[in-house]
Amino acid sequence: MATKKKLFIKTYGCQMNVYDSGRMADVLAPLGYEPAEAPDGADMVILNTCHIREKAAEKVYSDLGRLRLLQKDKASQGGRMVLAVAGCVAQAEGAEIMMRAPFVDMVFGPQTYHQLPEMVTRAVRGAGGVINIDFPAESKFDLLPEEAGRPGGPSAFLSVQEGCDKFCTFCVVPYTRGAEYSRPVSQVLAEARRLVDQGVVELTLLGQNVNAYHGEGADGRVWGLGRLVRELAAIDGLERIRYTTSHPRDMDDDLIAAHGDLPQLMPFVHLPVQSGSDRILAAMNRKHSADDYRRVVERMRAARPDLALSSDFIVGFPGETDQDFAETLRLVTDIGYAQAYSFKYSARPGTPAAGMEGRQVPETVKDERLQAVQQLLNAQQVGFNAATVGTVQTVLFDRIGKKPGQLLGRSPFMQAVHALAPERLLGRVVPVRITEAHANSLAAEVVTSESVHAPAAPAGLAAMEAQV
Ligand code: SAH
Ligand code: SF4
Ligand code: F3S
(Lines give C-alpha, C1' and ligand atoms only; values in the text may rest on other atoms or scores of the structure.)
(Ligands and ions follow the chains in the order given, each with its own letter.)
Protein backbone atom coordinates (compact mmCIF):
# COMPACT_ATOMS: atom_id res chain seq x y z
CA MET A 1 0.00 0.00 0.00
CA ALA A 2 1.28 3.43 -0.90
CA THR A 3 1.42 5.90 2.00
CA LYS A 4 -1.52 8.30 2.14
CA LYS A 5 -0.95 11.70 0.57
CA LYS A 6 -3.21 14.70 0.12
CA LEU A 7 -4.13 15.88 -3.36
CA PHE A 8 -5.86 19.18 -4.11
CA ILE A 9 -7.06 19.93 -7.64
CA LYS A 10 -8.43 23.33 -8.61
CA THR A 11 -10.45 23.28 -11.81
CA TYR A 12 -10.96 26.28 -14.07
CA GLY A 13 -12.90 26.52 -17.34
CA CYS A 14 -15.30 24.09 -18.93
CA GLN A 15 -16.91 20.78 -17.94
CA MET A 16 -14.26 18.87 -19.87
CA ASN A 17 -11.78 20.14 -17.33
CA VAL A 18 -14.08 19.03 -14.51
CA TYR A 19 -14.16 15.55 -16.05
CA ASP A 20 -10.37 15.56 -16.55
CA SER A 21 -9.76 16.59 -12.93
CA GLY A 22 -11.80 13.60 -11.78
CA ARG A 23 -9.78 11.30 -14.00
CA MET A 24 -6.49 12.78 -12.75
CA ALA A 25 -7.60 11.84 -9.24
CA ASP A 26 -8.33 8.31 -10.54
CA VAL A 27 -4.81 8.05 -12.00
CA LEU A 28 -3.21 9.24 -8.77
CA ALA A 29 -5.30 7.14 -6.38
CA PRO A 30 -3.11 4.00 -6.70
CA LEU A 31 -0.11 6.14 -5.70
CA GLY A 32 -1.81 6.92 -2.40
CA TYR A 33 -3.17 10.38 -3.25
CA GLU A 34 -6.53 11.15 -1.68
CA PRO A 35 -8.64 14.21 -2.54
CA ALA A 36 -8.33 17.13 -0.08
CA GLU A 37 -10.74 20.03 0.38
CA ALA A 38 -8.07 22.75 0.53
CA PRO A 39 -4.52 23.27 -0.74
CA ASP A 40 -3.06 23.97 2.72
CA GLY A 41 -0.61 21.24 3.61
CA ALA A 42 -1.37 19.18 0.50
CA ASP A 43 1.32 16.90 -0.91
CA MET A 44 0.28 17.76 -4.44
CA VAL A 45 -1.66 20.68 -5.89
CA ILE A 46 -2.81 20.61 -9.51
CA LEU A 47 -4.22 23.68 -11.21
CA ASN A 48 -6.29 22.40 -14.13
CA THR A 49 -6.40 25.56 -16.19
CA CYS A 50 -8.37 27.31 -18.93
CA HIS A 51 -6.93 29.47 -21.70
CA ILE A 52 -10.15 30.59 -23.35
CA ARG A 53 -9.98 34.26 -22.33
CA GLU A 54 -7.12 36.37 -21.02
CA LYS A 55 -8.63 36.76 -17.54
CA ALA A 56 -8.92 33.00 -17.07
CA ALA A 57 -5.27 32.49 -18.01
CA GLU A 58 -3.94 35.32 -15.83
CA LYS A 59 -5.78 34.03 -12.78
CA VAL A 60 -3.50 30.99 -12.82
CA TYR A 61 -0.45 33.14 -12.14
CA SER A 62 -2.04 34.93 -9.21
CA ASP A 63 -3.10 31.57 -7.76
CA LEU A 64 0.42 30.25 -8.24
CA GLY A 65 1.79 33.20 -6.24
CA ARG A 66 -0.40 32.20 -3.28
CA LEU A 67 0.48 28.53 -3.61
CA ARG A 68 4.17 29.35 -3.51
CA LEU A 69 3.68 30.49 0.11
CA LEU A 70 1.92 27.25 1.04
CA GLN A 71 4.68 25.30 -0.68
CA LYS A 72 7.26 27.14 1.46
CA ASP A 73 5.26 26.47 4.64
CA LYS A 74 5.19 22.79 3.82
CA ALA A 75 8.94 22.76 3.13
CA SER A 76 9.65 24.52 6.43
CA GLN A 77 7.90 21.60 8.14
CA GLY A 78 10.13 19.16 6.31
CA GLY A 79 7.48 18.22 3.73
CA ARG A 80 7.13 18.71 0.02
CA MET A 81 4.24 20.12 -1.98
CA VAL A 82 4.42 19.11 -5.64
CA LEU A 83 2.90 21.89 -7.74
CA ALA A 84 1.48 21.14 -11.18
CA VAL A 85 -0.11 23.24 -13.90
CA ALA A 86 -2.35 21.14 -16.15
CA GLY A 87 -4.98 21.85 -18.78
CA CYS A 88 -5.19 24.40 -21.54
CA VAL A 89 -2.84 27.12 -20.19
CA ALA A 90 -0.23 24.40 -19.70
CA GLN A 91 -0.72 23.23 -23.29
CA ALA A 92 -0.56 26.76 -24.69
CA GLU A 93 2.28 28.17 -22.63
CA GLY A 94 4.39 25.12 -21.74
CA ALA A 95 7.89 26.09 -20.67
CA GLU A 96 6.90 29.74 -20.27
CA ILE A 97 5.06 28.76 -17.08
CA MET A 98 8.27 27.41 -15.55
CA MET A 99 10.06 30.63 -16.53
CA ARG A 100 7.43 32.79 -14.82
CA ALA A 101 7.00 30.40 -11.90
CA PRO A 102 10.15 28.28 -11.47
CA PHE A 103 8.76 26.62 -8.34
CA VAL A 104 6.25 24.70 -10.49
CA ASP A 105 7.22 21.01 -10.66
CA MET A 106 5.08 19.74 -13.55
CA VAL A 107 3.40 21.23 -16.60
CA PHE A 108 1.20 18.90 -18.63
CA GLY A 109 -1.60 19.25 -21.14
CA PRO A 110 -5.08 17.72 -21.48
CA GLN A 111 -3.85 14.77 -23.55
CA THR A 112 -1.01 13.45 -21.36
CA TYR A 113 -2.36 13.18 -17.83
CA HIS A 114 -2.64 9.40 -18.08
CA GLN A 115 1.19 9.54 -17.79
CA LEU A 116 0.97 11.24 -14.38
CA PRO A 117 2.56 8.39 -12.37
CA GLU A 118 5.83 8.58 -14.27
CA MET A 119 5.74 12.37 -14.34
CA VAL A 120 5.36 12.40 -10.55
CA THR A 121 8.30 10.03 -10.14
CA ARG A 122 10.47 12.20 -12.39
CA ALA A 123 9.40 15.42 -10.65
CA VAL A 124 10.00 14.08 -7.14
CA ARG A 125 13.30 12.30 -7.84
CA GLY A 126 14.86 14.39 -10.56
CA ALA A 127 16.17 17.90 -10.61
CA GLY A 128 14.19 20.47 -12.54
CA GLY A 129 10.61 20.49 -13.68
CA VAL A 130 8.75 18.08 -15.94
CA ILE A 131 7.08 19.45 -19.07
CA ASN A 132 4.78 17.11 -20.98
CA ILE A 133 2.65 18.84 -23.59
CA ASP A 134 2.80 16.39 -26.48
CA PHE A 135 -0.19 15.26 -28.42
CA PRO A 136 0.59 11.54 -28.11
CA ALA A 137 -0.51 9.13 -30.83
CA GLU A 138 -2.25 6.96 -28.23
CA SER A 139 -5.55 8.04 -26.72
CA LYS A 140 -5.46 8.69 -22.98
CA PHE A 141 -8.91 7.11 -22.79
CA ASP A 142 -7.43 3.72 -23.74
CA LEU A 143 -4.90 3.95 -20.91
CA LEU A 144 -6.72 5.58 -18.02
CA PRO A 145 -7.65 3.30 -15.13
CA GLU A 146 -11.32 2.64 -14.44
CA GLU A 147 -12.89 5.45 -12.46
CA ALA A 148 -12.33 4.96 -8.73
CA GLY A 149 -15.91 4.93 -7.36
CA ARG A 150 -16.45 8.66 -7.34
CA PRO A 151 -18.51 10.07 -4.49
CA GLY A 152 -19.76 12.56 -7.07
CA GLY A 153 -23.50 12.22 -6.54
CA PRO A 154 -26.29 11.20 -8.90
CA SER A 155 -25.21 13.33 -11.86
CA ALA A 156 -21.96 12.69 -13.71
CA PHE A 157 -20.00 13.92 -16.71
CA LEU A 158 -18.75 11.50 -19.33
CA SER A 159 -16.35 12.71 -22.05
CA VAL A 160 -17.22 11.09 -25.36
CA GLN A 161 -15.49 13.44 -27.78
CA GLU A 162 -12.62 15.81 -27.50
CA GLY A 163 -10.79 18.41 -29.52
CA CYS A 164 -11.86 20.56 -32.40
CA ASP A 165 -11.08 20.88 -36.11
CA LYS A 166 -13.27 23.92 -36.69
CA PHE A 167 -10.78 26.72 -36.03
CA CYS A 168 -13.11 29.60 -35.25
CA THR A 169 -10.81 32.59 -35.63
CA PHE A 170 -11.17 33.73 -32.00
CA CYS A 171 -10.68 30.38 -30.29
CA VAL A 172 -7.72 28.59 -28.70
CA VAL A 173 -9.40 25.21 -28.25
CA PRO A 174 -8.14 23.56 -31.48
CA TYR A 175 -4.60 24.41 -30.32
CA THR A 176 -4.97 23.41 -26.67
CA ARG A 177 -7.06 20.26 -27.06
CA GLY A 178 -5.88 19.11 -30.47
CA ALA A 179 -7.77 17.41 -33.28
CA GLU A 180 -11.25 15.98 -32.95
CA TYR A 181 -11.35 12.52 -31.43
CA SER A 182 -14.34 10.32 -30.57
CA ARG A 183 -14.15 7.49 -28.07
CA PRO A 184 -15.39 4.11 -29.31
CA VAL A 185 -19.01 3.33 -28.44
CA SER A 186 -18.08 0.23 -26.39
CA GLN A 187 -15.81 2.31 -24.15
CA VAL A 188 -18.47 4.96 -23.60
CA LEU A 189 -21.13 2.36 -22.81
CA ALA A 190 -18.88 0.53 -20.36
CA GLU A 191 -18.08 3.76 -18.49
CA ALA A 192 -21.76 4.75 -18.51
CA ARG A 193 -22.79 1.37 -17.06
CA ARG A 194 -20.17 1.59 -14.32
CA LEU A 195 -21.40 5.06 -13.38
CA VAL A 196 -25.03 3.92 -13.29
CA ASP A 197 -23.99 0.97 -11.10
CA GLN A 198 -22.48 3.53 -8.71
CA GLY A 199 -25.84 5.30 -8.43
CA VAL A 200 -25.61 7.86 -11.22
CA VAL A 201 -29.02 8.59 -12.77
CA GLU A 202 -28.08 11.53 -14.98
CA LEU A 203 -25.23 11.59 -17.48
CA THR A 204 -23.96 14.64 -19.34
CA LEU A 205 -22.00 13.60 -22.40
CA LEU A 206 -19.13 15.98 -22.98
CA GLY A 207 -17.15 17.16 -25.96
CA GLN A 208 -15.90 20.46 -27.34
CA ASN A 209 -18.11 19.58 -30.30
CA VAL A 210 -20.06 16.77 -28.75
CA ASN A 211 -22.52 16.47 -31.61
CA ALA A 212 -19.64 15.98 -34.04
CA TYR A 213 -19.23 12.62 -32.27
CA HIS A 214 -18.30 9.90 -34.75
CA GLY A 215 -17.21 6.91 -32.68
CA GLU A 216 -16.66 3.36 -33.80
CA GLY A 217 -19.81 1.36 -33.10
CA ALA A 218 -20.16 -2.27 -32.03
CA ASP A 219 -20.92 -3.10 -35.66
CA GLY A 220 -17.65 -1.54 -36.85
CA ARG A 221 -19.51 1.37 -38.41
CA VAL A 222 -19.25 5.01 -37.42
CA TRP A 223 -22.00 6.09 -35.03
CA GLY A 224 -23.20 9.64 -34.58
CA LEU A 225 -24.33 11.14 -31.29
CA GLY A 226 -28.00 10.35 -31.99
CA ARG A 227 -27.25 6.64 -32.24
CA LEU A 228 -25.04 6.73 -29.15
CA VAL A 229 -27.73 8.47 -27.13
CA ARG A 230 -30.31 5.87 -28.18
CA GLU A 231 -28.00 3.11 -26.98
CA LEU A 232 -27.40 4.88 -23.67
CA ALA A 233 -31.12 5.38 -23.17
CA ALA A 234 -31.48 1.59 -23.03
CA ILE A 235 -29.39 1.41 -19.84
CA ASP A 236 -31.66 0.52 -16.95
CA GLY A 237 -31.58 3.15 -14.23
CA LEU A 238 -30.22 5.95 -16.43
CA GLU A 239 -33.06 8.43 -16.22
CA ARG A 240 -31.60 11.56 -17.75
CA ILE A 241 -29.19 12.20 -20.61
CA ARG A 242 -27.72 15.57 -21.57
CA TYR A 243 -24.91 16.57 -23.88
CA THR A 244 -22.75 19.65 -24.24
CA THR A 245 -21.33 21.59 -26.15
CA SER A 246 -22.95 21.38 -29.54
CA HIS A 247 -22.15 23.13 -32.76
CA PRO A 248 -25.07 24.25 -34.94
CA ARG A 249 -23.45 22.72 -38.02
CA ASP A 250 -23.34 19.24 -36.49
CA MET A 251 -26.96 19.08 -35.37
CA ASP A 252 -28.08 16.22 -37.64
CA ASP A 253 -31.50 14.67 -38.28
CA ASP A 254 -30.81 11.60 -36.16
CA LEU A 255 -29.94 13.60 -33.05
CA ILE A 256 -32.89 15.91 -33.60
CA ALA A 257 -35.19 12.90 -33.99
CA ALA A 258 -33.78 11.42 -30.76
CA HIS A 259 -35.09 14.51 -28.95
CA GLY A 260 -38.57 13.60 -30.11
CA ASP A 261 -38.23 9.89 -29.35
CA LEU A 262 -36.37 9.62 -26.05
CA PRO A 263 -37.92 10.92 -22.84
CA GLN A 264 -34.50 10.46 -21.16
CA LEU A 265 -32.95 13.06 -23.45
CA MET A 266 -33.53 16.31 -21.58
CA PRO A 267 -35.24 19.15 -23.44
CA PHE A 268 -32.45 21.64 -22.82
CA VAL A 269 -29.58 22.19 -25.26
CA HIS A 270 -26.61 24.53 -25.10
CA LEU A 271 -26.16 25.63 -28.70
CA PRO A 272 -23.64 28.46 -29.03
CA VAL A 273 -24.15 30.87 -31.91
CA GLN A 274 -21.65 33.64 -30.96
CA SER A 275 -23.20 36.37 -33.13
CA GLY A 276 -26.35 37.20 -35.11
CA SER A 277 -24.48 38.99 -37.89
CA ASP A 278 -23.61 36.99 -41.01
CA ARG A 279 -20.65 39.27 -41.67
CA ILE A 280 -19.21 38.60 -38.22
CA LEU A 281 -20.08 34.88 -38.34
CA ALA A 282 -18.08 34.68 -41.58
CA ALA A 283 -15.14 36.56 -40.04
CA MET A 284 -15.33 34.14 -37.10
CA ASN A 285 -15.16 31.20 -39.54
CA ARG A 286 -18.28 29.72 -37.98
CA LYS A 287 -19.44 28.36 -41.35
CA HIS A 288 -23.12 28.98 -40.62
CA SER A 289 -25.35 32.01 -41.03
CA ALA A 290 -27.81 33.42 -38.50
CA ASP A 291 -30.66 31.97 -40.56
CA ASP A 292 -28.99 28.54 -40.64
CA TYR A 293 -29.07 28.72 -36.84
CA ARG A 294 -32.72 29.81 -36.81
CA ARG A 295 -33.59 26.84 -39.03
CA VAL A 296 -31.73 24.35 -36.83
CA VAL A 297 -33.61 25.62 -33.79
CA GLU A 298 -36.89 25.38 -35.69
CA ARG A 299 -36.21 21.73 -36.57
CA MET A 300 -35.29 20.93 -32.98
CA ARG A 301 -38.43 22.55 -31.67
CA ALA A 302 -40.52 20.72 -34.23
CA ALA A 303 -39.16 17.44 -32.80
CA ARG A 304 -39.46 18.51 -29.16
CA PRO A 305 -41.79 21.50 -28.75
CA ASP A 306 -40.80 22.24 -25.15
CA LEU A 307 -37.08 22.38 -26.01
CA ALA A 308 -35.29 25.18 -24.17
CA LEU A 309 -32.04 26.66 -25.37
CA SER A 310 -28.91 28.20 -24.02
CA SER A 311 -26.09 29.79 -25.99
CA ASP A 312 -22.79 31.65 -25.97
CA PHE A 313 -22.34 35.13 -27.39
CA ILE A 314 -19.20 37.12 -28.07
CA VAL A 315 -19.54 40.89 -28.26
CA GLY A 316 -16.91 43.19 -29.73
CA PHE A 317 -15.33 40.73 -32.16
CA PRO A 318 -12.88 42.70 -34.38
CA GLY A 319 -14.80 44.84 -36.88
CA GLU A 320 -18.21 44.40 -35.15
CA THR A 321 -20.33 47.48 -35.90
CA ASP A 322 -23.46 48.75 -34.14
CA GLN A 323 -25.44 47.22 -37.01
CA ASP A 324 -23.77 43.82 -36.51
CA PHE A 325 -24.51 43.98 -32.81
CA ALA A 326 -28.14 44.91 -33.50
CA GLU A 327 -28.37 41.68 -35.53
CA THR A 328 -27.20 39.75 -32.47
CA LEU A 329 -29.94 41.33 -30.35
CA ARG A 330 -32.46 40.49 -33.07
CA LEU A 331 -31.38 36.85 -33.09
CA VAL A 332 -31.66 36.64 -29.29
CA THR A 333 -35.18 38.09 -29.51
CA ASP A 334 -36.15 35.66 -32.29
CA ILE A 335 -34.91 32.54 -30.52
CA GLY A 336 -35.85 33.25 -26.89
CA TYR A 337 -33.32 31.66 -24.54
CA ALA A 338 -33.87 29.99 -21.19
CA GLN A 339 -30.40 31.20 -20.23
CA ALA A 340 -27.15 32.11 -21.99
CA TYR A 341 -23.57 33.21 -21.51
CA SER A 342 -22.06 36.30 -23.07
CA PHE A 343 -18.46 37.41 -23.18
CA LYS A 344 -16.41 40.38 -24.34
CA TYR A 345 -14.11 39.32 -27.13
CA SER A 346 -10.66 38.59 -25.74
CA ALA A 347 -7.74 38.52 -28.18
CA ARG A 348 -5.88 35.23 -27.74
CA PRO A 349 -2.26 34.88 -28.80
CA GLY A 350 -1.80 32.88 -31.99
CA THR A 351 -5.44 33.01 -33.14
CA PRO A 352 -6.23 34.72 -36.48
CA ALA A 353 -8.67 37.24 -34.96
CA ALA A 354 -6.02 38.58 -32.58
CA GLY A 355 -4.07 39.73 -35.63
CA MET A 356 -6.96 41.64 -37.21
CA GLU A 357 -5.01 44.89 -36.97
CA GLY A 358 -6.88 48.14 -36.53
CA ARG A 359 -10.22 46.37 -36.27
CA GLN A 360 -10.26 45.75 -32.53
CA VAL A 361 -13.35 47.21 -30.84
CA PRO A 362 -12.69 49.69 -27.99
CA GLU A 363 -13.20 48.31 -24.47
CA THR A 364 -15.94 50.87 -23.64
CA VAL A 365 -17.98 49.77 -26.66
CA LYS A 366 -17.55 46.12 -25.65
CA ASP A 367 -18.75 47.00 -22.14
CA GLU A 368 -21.87 48.71 -23.46
CA ARG A 369 -22.73 45.85 -25.80
CA LEU A 370 -22.16 43.25 -23.11
CA GLN A 371 -24.50 45.09 -20.81
CA ALA A 372 -27.17 45.37 -23.51
CA VAL A 373 -27.09 41.71 -24.51
CA GLN A 374 -27.00 40.57 -20.89
CA GLN A 375 -30.01 42.72 -20.07
CA LEU A 376 -31.98 41.11 -22.86
CA LEU A 377 -30.84 37.59 -21.95
CA ASN A 378 -31.61 38.15 -18.27
CA ALA A 379 -35.11 39.33 -19.11
CA GLN A 380 -35.62 36.18 -21.17
CA GLN A 381 -34.35 34.01 -18.33
CA VAL A 382 -36.67 35.70 -15.83
CA GLY A 383 -39.57 35.23 -18.26
CA PHE A 384 -38.72 31.58 -18.84
CA ASN A 385 -38.48 30.86 -15.12
CA ALA A 386 -41.71 32.74 -14.37
CA ALA A 387 -43.55 30.69 -16.98
CA THR A 388 -42.82 27.49 -15.04
CA VAL A 389 -44.67 28.66 -11.92
CA GLY A 390 -47.69 26.42 -11.31
CA THR A 391 -46.40 23.63 -13.57
CA VAL A 392 -45.25 20.19 -12.46
CA GLN A 393 -41.64 19.41 -13.35
CA THR A 394 -39.31 16.60 -12.47
CA VAL A 395 -36.32 17.48 -10.34
CA LEU A 396 -33.21 15.41 -9.76
CA PHE A 397 -32.30 16.20 -6.15
CA ASP A 398 -28.53 16.14 -5.92
CA ARG A 399 -27.64 18.18 -2.84
CA ILE A 400 -28.73 19.13 0.65
CA GLY A 401 -29.92 22.74 0.82
CA LYS A 402 -28.86 25.49 3.22
CA LYS A 403 -32.19 25.59 5.03
CA PRO A 404 -33.17 22.71 7.32
CA GLY A 405 -35.09 20.01 5.45
CA GLN A 406 -34.32 21.49 2.06
CA LEU A 407 -33.00 19.64 -1.00
CA LEU A 408 -31.57 21.20 -4.15
CA GLY A 409 -31.70 19.89 -7.68
CA ARG A 410 -32.20 20.64 -11.36
CA SER A 411 -35.29 20.72 -13.52
CA PRO A 412 -35.19 19.19 -17.03
CA PHE A 413 -34.33 22.72 -18.23
CA MET A 414 -31.32 22.97 -15.90
CA GLN A 415 -33.07 25.42 -13.60
CA ALA A 416 -31.87 25.27 -10.00
CA VAL A 417 -34.82 24.14 -7.86
CA HIS A 418 -35.16 23.99 -4.08
CA ALA A 419 -37.89 22.25 -2.11
CA LEU A 420 -38.59 20.92 1.35
CA ALA A 421 -38.10 17.21 0.91
CA PRO A 422 -36.97 14.21 2.96
CA GLU A 423 -33.33 13.21 2.54
CA ARG A 424 -34.30 9.83 1.14
CA LEU A 425 -35.22 11.66 -2.08
CA LEU A 426 -31.57 12.61 -2.67
CA GLY A 427 -30.41 11.08 -5.93
CA ARG A 428 -33.99 10.57 -7.12
CA VAL A 429 -35.94 12.17 -9.95
CA VAL A 430 -39.05 13.52 -8.26
CA PRO A 431 -42.11 15.43 -9.51
CA VAL A 432 -42.52 18.85 -7.94
CA ARG A 433 -44.84 21.78 -8.44
CA ILE A 434 -43.06 25.09 -9.02
CA THR A 435 -44.34 27.68 -6.56
CA GLU A 436 -42.04 30.68 -7.06
CA ALA A 437 -39.56 31.85 -9.66
CA HIS A 438 -36.49 33.95 -9.04
CA ALA A 439 -33.87 35.07 -11.57
CA ASN A 440 -31.57 32.13 -10.86
CA SER A 441 -33.67 29.56 -9.03
CA LEU A 442 -37.13 28.16 -8.48
CA ALA A 443 -38.94 27.22 -5.29
CA ALA A 444 -41.06 24.08 -5.44
CA GLU A 445 -43.05 21.59 -3.40
CA VAL A 446 -42.89 17.85 -3.83
CA VAL A 447 -46.12 16.50 -5.23
CA THR A 448 -47.43 13.23 -3.92
CA SER A 449 -47.86 10.46 -6.43
CA GLU A 450 -51.67 10.79 -6.36
CA SER A 451 -51.56 14.39 -7.52
CA VAL A 452 -49.11 13.89 -10.39
CA HIS A 453 -50.30 14.14 -13.93
CA ALA A 454 -48.03 14.12 -16.95
CA PRO A 455 -45.26 16.70 -16.29
CA ALA A 456 -46.24 19.85 -18.10
CA ALA A 457 -43.83 21.90 -20.14
CA PRO A 458 -43.74 25.59 -19.44
CA ALA A 459 -45.75 27.66 -21.83
CA GLY A 460 -42.52 29.59 -21.62
CA LEU A 461 -41.72 30.86 -25.02
CA ALA A 462 -44.92 32.69 -25.73
CA ALA A 463 -44.81 34.35 -22.33
CA MET A 464 -41.17 35.15 -22.80
CA GLU A 465 -41.55 36.76 -26.16
CA ALA A 466 -44.25 38.99 -24.79
CA GLN A 467 -41.79 40.22 -22.20
CA VAL A 468 -38.78 41.27 -24.26
N1 SAH B 1 -16.99 24.39 -28.53
C2 SAH B 1 -17.90 25.37 -28.17
C3 SAH B 1 -17.39 26.43 -27.21
C4 SAH B 1 -16.02 26.41 -26.68
S5 SAH B 1 -15.42 27.77 -25.78
C6 SAH B 1 -18.46 26.00 -29.43
O7 SAH B 1 -18.02 25.73 -30.51
O8 SAH B 1 -19.35 26.80 -29.36
C9 SAH B 1 -16.78 28.41 -24.86
C10 SAH B 1 -17.19 29.78 -25.26
O11 SAH B 1 -16.18 30.72 -24.94
C12 SAH B 1 -17.41 29.95 -26.75
O13 SAH B 1 -18.64 29.49 -27.17
C14 SAH B 1 -17.26 31.44 -26.93
O15 SAH B 1 -18.48 32.12 -26.77
C16 SAH B 1 -16.33 31.84 -25.79
N17 SAH B 1 -15.01 32.22 -26.32
C18 SAH B 1 -14.13 31.45 -26.96
N19 SAH B 1 -13.05 32.16 -27.32
C20 SAH B 1 -13.26 33.43 -26.90
C21 SAH B 1 -12.52 34.64 -26.98
N22 SAH B 1 -11.34 34.69 -27.60
N23 SAH B 1 -13.05 35.75 -26.41
C24 SAH B 1 -14.25 35.71 -25.79
N25 SAH B 1 -14.98 34.61 -25.69
C26 SAH B 1 -14.51 33.47 -26.23
FE1 SF4 C 1 -13.62 26.90 -30.46
FE2 SF4 C 1 -15.08 27.09 -32.64
FE3 SF4 C 1 -14.02 24.76 -31.97
FE4 SF4 C 1 -16.01 25.77 -30.54
S5 SF4 C 1 -16.10 25.14 -32.70
S6 SF4 C 1 -14.15 24.87 -29.75
S7 SF4 C 1 -15.61 27.96 -30.61
S8 SF4 C 1 -12.91 26.58 -32.58
FE1 F3S D 1 -10.97 26.47 -21.31
FE2 F3S D 1 -9.68 24.49 -22.40
FE3 F3S D 1 -12.21 24.20 -21.74
S4 F3S D 1 -9.46 26.60 -22.93
S5 F3S D 1 -13.00 26.25 -22.00
S6 F3S D 1 -10.54 24.54 -20.35
S7 F3S D 1 -11.21 23.37 -23.51
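User: Of the contacts in the chain with a separation of 6 or more, what percentage is accounted for by residues 24 or more positions apart?

Analyst: This is a predicted model, in which local features need pLDDT of at least 70, side-chain atom pairs count only at pLDDT 80 or more, and totals for chains, interfaces and linings use all residues. Residues are numbered from 1 along each chain, chains are lettered from A and ligands numbered from 1, as written, and side-chain values use heavy atoms, without hydrogens and water. With contact meaning heavy atoms within 4.5 Å, the share for residues 24 or more positions apart is 73%.

User: What radius of gyration does the chain have?

Analyst: The chain has 15 helices and 22 strands, which are DSSP runs numbered from the N terminus (helices H or I, at least four residues; strands E, at least two). The globule rule (2.2 Å times the number of residues to the power 0.38, with the radius taken over C-alpha atoms) gives 23 Å for 468 residues, and the chain is close to this, so it is as compact as a globular protein of that length, its radius of gyration being 23 Å.

User: How many residues of strand S13 are buried?

Analyst: Buried means under 20% relative accessible area (1.4 Å probe, protein chains only). Arg-240, Arg-242 and Thr-244 are buried on one side of S13, and Ile-241 and Tyr-243 on the other. For the strand, residues 240–244, the count is therefore 5 of 5.

User: Which residue in S13 is the bridge partner of Thr-204?

Analyst: Strands pair if DSSP finds at least two bridges between them, and S10 (residues 202–206) runs parallel to S13, joined by 5 bridges. The partner of Thr-204 in S13 is Arg-242.

Definitions and conventions:
Buried means under 20% relative accessible area, exposed over 50%, partly exposed in between (1.4 Å probe, protein chains only).
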